[in-house]
Amino acid sequence: MTHKAEPLPKLVFLEAGEHEPYTTDKIIAESAQVKRKVVSDLIRRYKTDLESFGVLRFKNAKPTPGSDGGRPEKLYHLNEQQATLLITYLRNTEPVKAFKKALVKEFYAMRAELTKRRELRAEGKPQRRSLTDMIRDNPEANRWDYKLYTDLAYKAAFGKTAAQIRKERAPGSKRRAVDLLTADELSAYQKQENAVASLYAVGVDYEAMKAVLLTERTK
């Protein structure tokens with residue numbers, strides 16, 4: 001009797017504000033159905049090989065609830081090349097083969113997402129510079145106006161300010177909120193920022209602009 005394979009959990013991650021996706025030794029062990037110690041031993045044994053594809057990163061994660069002891073566990077973060085190399089050292093069992101295919105697909109999807117984000121950022125730069133220039137050249141503008149109007153674009157797109165998005169996705173970070181958006185979110189934000197710039201260019205004041213854009217959001 002053939003058993004239906006269980007769906008694999010999320011395998012690839014991207015931390016807020018970072019540009020390189022990764023997986024972990026824990027994910028590899030669980031998804032390939034091998035002992036965690038086997039994977040971590042392989043990482044230590046082939047550390048030099050893995051480091052030829054970048055810094056071998058890790059974090060000291062909190063121990064799993066219910067596990068013995070209270071010491072943090074070392075969680076390795078492996079980029080695409082490191083993970084691909086590492087899994088070649090595992091026995092080619094059915095779970096390992098299924099995991100390899102799923103991992104390749106997820107890294108590919110993440111790369112596509114990051115490429116889309118970069119393209120959208122590149123397309124949006126002229127308009128963002130235009131809004132900056134309009135505010136800079138306005139003799140009645142003050143030093144807080146750019147933040148005021150970009151926050152309006154964020155609220156029109158997501159109902160939140162840039163600071164609120166940063167607090168949710170990268171607490172304690174000084175990264176710009178725009179760097180924390182997905183490709184689809186970036187597209188939505190740029191649409192609203194373009195609307196802000198267009199209204200600003202024809203002299204619509206902030207309160208009137210706010211009424212128009214936020215009313216559109218609630219429709």
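These legends go with a set of close-up views of a predicted model.

Figure 1. Going along the sequence, the elements run β-α-α-α-β-β-α-α-α-α-α-α. The protein chain has 219 residues, and 35% of them are buried. If you take the contacts with a separation of 6 or more, 62% are between residues 24 or more positions apart.

**Figure 2. Where helix α1 meets helix α2.** Two packed helices are described by the angle between their axes and the distance between the axes. For α1 (residues 25–32) and α2 (residues 36–45), that comes to an angle of about 130 degrees and axes 8 Å apart. The pair is therefore classed as oblique, and the crossing of α1 and α2 is right-handed. On the α1 side, look for Asp25, Lys26, Ile28 and Ala29; α2 brings Arg36, Val39, Ser40 and Ile43 to the contact. By type, these residues of the α1 and α2 contact split into four nonpolar, one polar and three charged.

**Figure 3. Glutamine 33, in the loop between α1 and α2.** Glutamine 33 sits in the loop that separates these two helices. Most residues other than glycine have a negative phi. Glutamine 33 isn't a glycine, yet its phi is positive, at about 60 degrees. Is its side of the story buried or exposed? Glutamine 33 has 61% relative accessibility, so it counts as exposed.

Figure 4. Leucine 114 belongs to helix α5, which covers residues 94–137. With a relative accessibility of 7%, leucine 114 counts as buried, because the cut-off for buried is under 20%. Which residues does leucine 114 touch, leaving out those up to four places away in sequence? They are Leu14, His19 and Pro21. Take leucine 14: 100 residues separate it from leucine 114 in sequence, while the C-alpha to C-alpha distance is 9.9 Å.

**Figure 5. Helix α8 from end to end.** Helix α8 runs over residues 183–201, and its 19 residues should span 27 Å at 1.5 Å a residue; the end C-alpha atoms are 27 Å apart, so the model agrees with that expectation. The buried residues of α8 include Ala183, Leu186, Val196 and Ala197, along with Glu185, Glu193, Gln190 and Gln192. Tyr189 and Tyr200 of α8 are buried too. Just past the helix, glycine 203 has a positive phi of about 85 degrees.

**Figure 6. Helix α6 packed against α8.** Helix α6 (residues 145–158) crosses α8 at roughly 130 degrees, and the two axes come within 8 Å. That angle is why α6 and α8 are described as oblique to each other; their crossing is right-handed. From α6, the contact takes in Tyr146, Tyr149, Thr150, Leu152, Ala153, Tyr154, Ala156, Ala157 and Phe158. Facing them in the contact are Glu185, Ala188, Tyr189, Gln192, Glu193, Val196 and Tyr200 of α8. How do the residues of this α6 and α8 contact divide by type? There are 12 nonpolar, two polar and two charged.

Terms used:
Residues are numbered from 1 along each chain as its sequence is written. This is a predicted model: local features need pLDDT of at least 70, side-chain atom pairs count only at pLDDT 80 or more; totals for chains, interfaces and linings use all residues. Side-chain values use heavy atoms; hydrogens and water are left out. Axes are lines fitted to C-alpha atoms, for helices over the stretch in contact, and angles run from 0 to 180 degrees between N-to-C directions. Helices (H or I, at least four residues) and strands (E, at least two) are DSSP runs, numbered from the N terminus. Angles under 35 degrees count as roughly parallel, over 145 as roughly antiparallel, 65 to 115 as roughly perpendicular and the rest as oblique. A crossing is left-handed if the near helix is turned anticlockwise from the far one by less than a right angle, and right-handed if clockwise. Contact means heavy atoms within 4.5 Å. Ala, Val, Leu, Ile, Met, Phe, Trp, Tyr, Cys and Pro count as nonpolar, Asp, Glu, Lys and Arg as charged, and the others, Gly among them, as polar. Buried means under 20% relative accessible area, exposed over 50%, partly exposed in between (1.4 Å probe, protein chains only). The expected span of a helix is 1.5 Å times one less than its number of residues.
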